[in-house]
Amino acid sequence: MSTANDQPLKRALTTPLLYFFILGDVLGAGVYVLIGQVAADAGGAVWVPLAAALALALLTAASYAELATKYPRAGGASHYATRAYGPFAGFLAGFCMLAAGIVSVGALARGFAGDYLTAFVTLPVALVAVVFLAALALLNARGIRESTRANVVATVIELGGLAIIVVLGAWLLLRGDGDPGRLTRLGTPEHGAAAAVLSGAVLAYYSFVGFETSVNVAEETRDPRRSYPRALFGALATAGVVYVLVGLAASAAVPTSTLAASSGPLLEVVKAAGGVPVWLFSAIALVAVANGALLTGIMSSRLAYGMARDGLLPVALTKVLPGRRTPWAAIAVTTALSMLLALTGSVATLASTLVLLLLVVFFMVNTAVLVLRRDPGVPGHFRAPTVLPVLGAASCVLLATRIEPAVWLRGLILLGVGLVLAAVAAARRGEEPASVRDR
């Protein structure tokens, strides 16, 4: 087997493939359940916090666009934090991303084996989760091109399902069964309009998370300086437009209280409109869950590979398949950990900390942009206006203040583990010869 020093990862991603990679990761399973929760917090005008969340996501995306084109290599946030602040911060950023990714894949595996699948067949959750994750790992190891081509098909299906909701919502309004007045009702008995927008935006922000994973495949993109900003901003804009349209359709078609009480709010639109089989949305949801797990699995394995190459994880994780040049060792380890989480059922207690972990990463990325301005990096890279990373860092602090205390407690425990491991990794890295550290 080869290592990272022997063979770099294969540059196989074109701009369209990267666009669909990002879009598919953003348009994950969350959009099929989040609308109801946003409605509960914000009122009928769910499109307002969705638009606000898009604006906040674009701030941090601008920082990622600059760093991904300036340093186009696997490792992402961990690599950027290492360059800006040293190995301690680099390990902490990587640990947060890696923990979030592995837990997310485990949770999605359990989700795939849950209620949506039982609409077709009933099988043991453990068996489905193991087979599901093993199949995704094989597809991941086969190659980035094959994985992203599968993502294109899945993303088209996900978009098709959301387009059905938009059309059904419009049809309900045309036949006089909807209520467009709900689209301007912002606020709840507990929150005024401003507080409702912020509270709803925190939930809506969850639906845009996923764009950050794409930096881990920048090294496998043919022309990252040109392709990455176009694919990133294009995918986020597309997702934002789709989400706002879905929010408008769902809110106008179904009473806010019905949306808020449903665990499958988009199915309420299907039921109200008629004409589309309910089982169809179960199938679409399964595709969305599988696609999200595949893309997050790709991110986790590339991140582990990049951290290992930077000396922050064991060097064994840099092993790649000689023919396909995919990081097989990192894929195997991250998949095994996701399987363990899926089988133990502890994912539920960790899932609510994912956004908190990512906000820590996003804050580090936004500030790293400013620190690394002294380094010219790759010539001709994308450069974000200085105000954007400043606002991006501030937005992370603002959103973190809306996280519930119980989630903070669990998050701080995980961050404590990360801090201890980061100190060990930094100490070990400090003992290495400079030639090893700089490779």
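Visitor: Which residues in α16 meet residues in α17?
Guide: On the α16 side they are L359, F362, F363, N366, T367, V369 and L370. Their partners in α17 are P389, V390, G392, A393, C396, V397, L399 and A400. Contact means heavy atoms within 4.5 Å, and helices are DSSP runs (H or I, at least four residues) numbered from the N terminus. This is a predicted model, where local features need pLDDT of at least 70 and side-chain atom pairs 80 or more, while totals for chains, interfaces and linings use all residues. Residues count from 1 along each chain as its sequence is written, and side-chain values use heavy atoms, without hydrogens or water.

Visitor: How many residues of that contact are nonpolar, polar or charged?
Guide: The contact of α16 with α17 has 12 nonpolar residues, three polar and no charged. Here Ala, Val, Leu, Ile, Met, Phe, Trp, Tyr, Cys and Pro are nonpolar, Asp, Glu, Lys and Arg charged, and the others, Gly among them, polar.

Visitor: At what angle do the axes of α16 and α17 cross?
Guide: Roughly 160°, with the axes of α16 (residues 354-371) and α17 (residues 387-400) coming within 8 Å. Axes are fitted to C-alpha atoms over the stretch in contact, with angles from 0 to 180 degrees between N-to-C directions.

Visitor: Is the crossing of α16 and α17 left-handed or right-handed?
Guide: α16 and α17 make a left-handed crossing: the near helix is turned anticlockwise from the far one by less than a right angle, and clockwise would be right-handed.

Visitor: New pair. How do α13 and α14 cross?
Guide: Their axes come within 8 Å and cross at roughly 120°, so α13 and α14 are oblique to each other. α13 passes α14 in a right-handed crossing. S300, S301, R302, A304 and Y305 of α13 make the contact with A330, I331 and T334 of α14. Four residues of this contact are nonpolar, three polar and one charged.

Visitor: And where do α5 and α14 touch?
Guide: From α5 come L98, I102, V103, V105, G106, A109 and R110, and from α14 come T334, L337, S338, L341, A342 and L343. That contact holds nine nonpolar residues, three polar and one charged. The axes of α5 and α14 come within 8 Å at roughly 55°, which makes α5 oblique to α14. The crossing of α5 and α14 is right-handed.

Visitor: What lines the second largest pocket?
Guide: There are 18 lining residues, with F95, L98, A99, I102 and L337 nearest the centre. α5 (87-112), α13 (278-309) and α14 (328-344) each supply at least two of the lining residues. The lining has 17 nonpolar residues, one polar and no charged. About 330 Å³ of space lies in this pocket. On a 1 Å grid over protein atoms alone, a pocket is an open set of points with protein on both sides within 12 Å along at least five of seven lines; a cavity is a set where a 1.4 Å probe fits but cannot get out; lining residues have an atom within 4 Å of a point. Points join across faces, edges and corners, and volume is the space filled by probe spheres set on them.

Visitor: How many cavities of 30 Å³ or more turn up?
Guide: The search of the whole structure finds four. The largest cavity holds about 100 Å³ of space. It has 13 lining residues, of which V105, L136, A293, G297 and T335 are closest to its centre. α7 (125-142), α13 and α14 each give two or more residues to that lining. Seven of the lining residues are nonpolar, six polar and none charged.

Visitor: Last one: what does T15 contact?
Guide: Apart from neighbours within four places in sequence, T15 contacts R226, S227, R230 and A231. T15 sits in helix α1 (residues 15-26). T15 and P229 are 214 residues apart in sequence, yet 9.5 Å apart in space, C-alpha to C-alpha.

How values were computed
Parallel < 35°, antiparallel > 145°, perpendicular 65-115°, else oblique.
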